[in-house]
Amino acid sequence: MRAQILAWLNNNVPPKRIQHILGVERMAIELAEHYQLDANVAARAGLMHDLAKYFKPQRLLELARAEGLPIDEVDIAAPHLLHADVSAIVARQEFGITDPEILQAIADHTLGRPGMGAMSCIVFLADSLEAGRGDTPELQSLRELSYQNLHRAVWHTCDYSLQYLLSTRCLIHPRTIRTRNWAMTMS
């Protein structure tokens with residue numbers, strides 16, 4: 001199945017994004033092994049997390065509506081934030097993925113979700129922290145933290161993302177804040 005997914009990605013995603021996807025897959029596998037979770041589940045979720053990343057905004061909204069996903073004013077203003085949830089739909093429709101743990105990890109990789117399981121935490125962290133994201137001291141610290149405490153790492157990674165979003169004057173999805181607050185209470 002990996003070859004099939006990679007072929008699909010080669011036709012639908014730019015090469016630079018494929019390098020990121022492979023980095024997420026690698027880090028998700030490493031974290032899953034570290035926490036004694038199923039590395040195959042982590043690999044699949046990591047490999048498929050950005051299937052809808054380059055869908056046009058209208059397509060993201062249409063697929064989300066067709067699936068009955070809740071859509072708020074931030075989703076309408078910034079439909080690219082729906083790409084994680086829509087990527088889970090594509091994984092199911094294009095590749096027949098039915099494993100709820102894989103689908104949920106894909107859906108949660110951008111905004112997180114309060115109460116998300118360990119696999120979702122792993123893919124969320126791998127997406128933000130894979131090696132291709134940079135090598136700043138702050139990222140290195142977050143990477144180290146991800147091998148020590150998943151919830152604390154999610155909390156601090158949310159803080160890192162929120163600082164970036166604030167500094168660039170981007171919209172902040174309420175789910176990111178709820179994820180941050182949940183992870184903070186869990187750590």
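The side chain of Ser 87 comes to 3.3 Å from the backbone oxygen of His 49. Ser 87 lies in helix α6 (residues 83-95), where helices are DSSP runs of H or I with at least four residues, numbered from the N terminus. The model is predicted, with local features requiring pLDDT of at least 70 and side-chain atom pairs counting only at pLDDT 80 or more, while totals for chains, interfaces and linings use all residues. Residues are numbered from 1 along each chain as its sequence is written, and side-chain values use heavy atoms, with hydrogens and water left out.

Asp 108 is found in the loop between α7 (100-107) and α8 (118-129), and its side chain makes a polar contact (N or O atoms within 3.5 Å, one able to donate a hydrogen and the other to accept it) with the side chain of Arg 113 at 2.7 Å. Buried here means under 20% relative accessible area, with a 1.4 Å probe and protein chains only.

| Residue | State | Relative accessible area |
|---|---|---|
| Ser 87 | buried | 0% |
| Asp 108 | buried | 1% |

Beyond neighbours within four places in sequence, Asp 108 is in contact (heavy atoms within 4.5 Å) with residues including Met 116, Phe 124 and Arg 175.

Helices α9 (residues 137-146) and α10 (residues 150-167) pack with their axes 8 Å apart, at an angle of about 155 degrees, which makes α9 roughly antiparallel to α10 (an angle over 145 degrees).

Methods. Axes are lines fitted to C-alpha atoms, for helices over the stretch in contact, and angles run from 0 to 180 degrees between N-to-C directions. Helices (H or I, at least four residues) and strands (E, at least two) are DSSP runs, numbered from the N terminus. Angles under 35 degrees count as roughly parallel, over 145 as roughly antiparallel, 65 to 115 as roughly perpendicular and the rest as oblique. Buried means under 20% relative accessible area, exposed over 50%, partly exposed in between (1.4 Å probe, protein chains only).
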